[in-house]
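Visitor: I would like to learn how to read side-chain contacts in a model. Where do we begin?

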Amino acid sequence: MQKISLLGATGSIGKSTLDVVARYPEKFSIYAVSAGNDVEKLAKIAAETQAKVAVIANENKYEELKQALKRNNSNAIALVGKDSLDEIASTPEVDVVVGAIVGAAGISSTFSAARAGKKLLLANKESVVCGGQLLMTTVAENGAQLLPVDSEHNALFQCLQSASNQSRQLLRLVLTASGGPFRLRQDLSTVTVEEATHHPNWSMGKKITVDSATLMNKGLEVIEARWLFGVSQDRIDVVVHPQSVIHSMVQFEDGVVLAQLGAPDMRNTIAYSLGYPERLDAGVQPLDFSQLSALTFEKPDLNRFPQLGYAYEALRMGGSASIVLNAANEKAVEAFLAGRIRFVDIASVCRTMMNAYQQHAPTSLAEILAVDQEARILASEYIDGLTGA
Ligand code: NAD
Ligand code: MG
């Protein structure tokens, strides 16, 4: 029986994880669950899963959480704050940590799980983007096992399984992108929040859905792939594949390409990572090839979606550029969702913040978090300037 800490239990990945876990009560149990703010939903999940611990990141919600747990007949211990997230990510009680927090808020607990040598199922791509080499070293030095839940990286991981002794012969990683809701739209200056929060193929949290519409998501994934697989950015390609059936591909020096295909449902990648090295049935309908009319491919348009290019640029700049880009994007998406800036302003916030970036490579988690904080403050000031606030 493997015990799981599920960080970000109330989100989209959280829900898919609970769904897969519920199919295998003899293999997995939920030890701890966490959420950012939604006390009621967290308490419900804690009751349903019979979790031992429930953590709410918001420090002011201790009493509220305690009462909600009681109302839902959960015996879980109530904890609050960021340190408690680190605690449930590293406690000896737990074998598996699922990192499904959104944004840089997940960095610290990801490091905590890595330092404790856990099996870490990581959906929180922002912690790989910001943690970079330091995260990979922490994973290796502590004997942790990092399994990517992001569908593209999970696909790459699967393709590379069959080539474990051939890494020298690996030529390129090819990440597929759906192209998002605005693939065919020329004028992006009038995009509404409603339009940007509906993805054609995937059902996900709001932030990643907006990131998919700007292609920042693919940019973050290029950075994520760079660190997870130790492949430099000039050997990572992005191809737009609107059907989202091929989740990513690996090309070898002899020209051979291996691809991983499946329905666009995150339960597939979660089940694969939970069961690894065994394959578990996720309860997802397998692909029906007779229903697939075509698989098509296009080049991404960096003029309309410049943030994909910024990600490559951040990798070339090195140092803390990726952390700055990520923080700027998070603040800009937040402002866009609040109706304060336009969709196209998200890219200009990122551009401006990257221009203001100072060369400095962080060498510790504390430095990473400090750069993230500083970049957030600067981005907020710049956004205030844009909105006249
Ligand atoms: P979501 O918004 O649905 O859920 C986010 C979770 O994080 C919630 O449980 C929320 O309570 C928690 N949270 C938010 N702010 C927090 C904070 N400050 N401190 C602690 N917890 C906080 O997001 P999601 O779509 O489930 O995505 C989660 C992560 O997985 C993201 O990094 C995303 O990029 C990645 N991811 C998601 C998908 C997907 O299909 N949803 C696919 C690939 C990767
Ligand atoms: Mg992805």
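Guide: Begin with accessibility. Buried means under 20% relative accessible area, exposed means over 50%, and partly exposed lies in between. This is a predicted model. Take Arg267: its relative accessible area is 21%, so Arg267 counts as partly exposed.

Visitor: Which residue does Arg267 meet in a salt bridge?

Guide: First the idea. A salt bridge needs a side-chain nitrogen of Lys or Arg within 4 Å of a carboxyl oxygen of Asp or Glu. Here the partner is Asp265, with N to O at 2.7 Å.

Visitor: Which residues are joined into one network by salt bridges that share partners?

Guide: Lys125, Asp150, Glu152, Lys218 and Glu221.

Visitor: How many salt bridges does the structure hold?

Guide: The count is 22. One of them pairs Arg23 with Asp281; their closest N and O atoms are 3.7 Å apart.

Visitor: What parts does the pair of Arg23 and Asp281 tie together?

Guide: Locate each residue, then look at the sequence separation. Arg23 lies in the loop between α1 (12-22) and β2 (28-35). Asp281 lies in the loop between α11 (266-275) and α12 (306-317). The pair therefore ties together parts that are 258 residues apart in sequence.

Visitor: Is Arg23 buried, partly exposed or exposed?

Guide: Arg23 is partly exposed, with a relative accessible area of 39%. Asp281 is partly exposed too, at 48%.

Visitor: Where does Glu40 meet Arg71 in the chain?

Guide: Their side chains form a salt bridge, 2.6 Å from N to O. Glu40 sits in helix α2 (residues 39-49) and Arg71 in helix α3 (residues 62-71). The two are 31 residues apart, and the pair links distant parts of the chain.

Visitor: Why does Arg71 count as exposed, and Glu40 as partly exposed?

Guide: Apply the cut-offs. Arg71 has 54% relative accessibility, so Arg71 counts as exposed. Glu40 has a relative accessible area of 32%, so Glu40 is partly exposed.

Visitor: Is Cys350 buried or exposed?

Guide: Cys350 is buried, with a relative accessible area of 0%. Cys159 is buried as well, at 5%.

Note on methods
Residues numbered from 1 in each chain as written. Chains lettered and ligands numbered in written order. Predicted model: local features only at pLDDT ≥ 70, side-chain atom pairs only at ≥ 80, totals over all residues. Heavy atoms only, no water. Buried < 20%, exposed > 50% of the residue type's maximum accessible area, 1.4 Å probe, protein only. Helix = DSSP H or I, 4+ residues; strand = E, 2+ residues; numbered from the N terminus.
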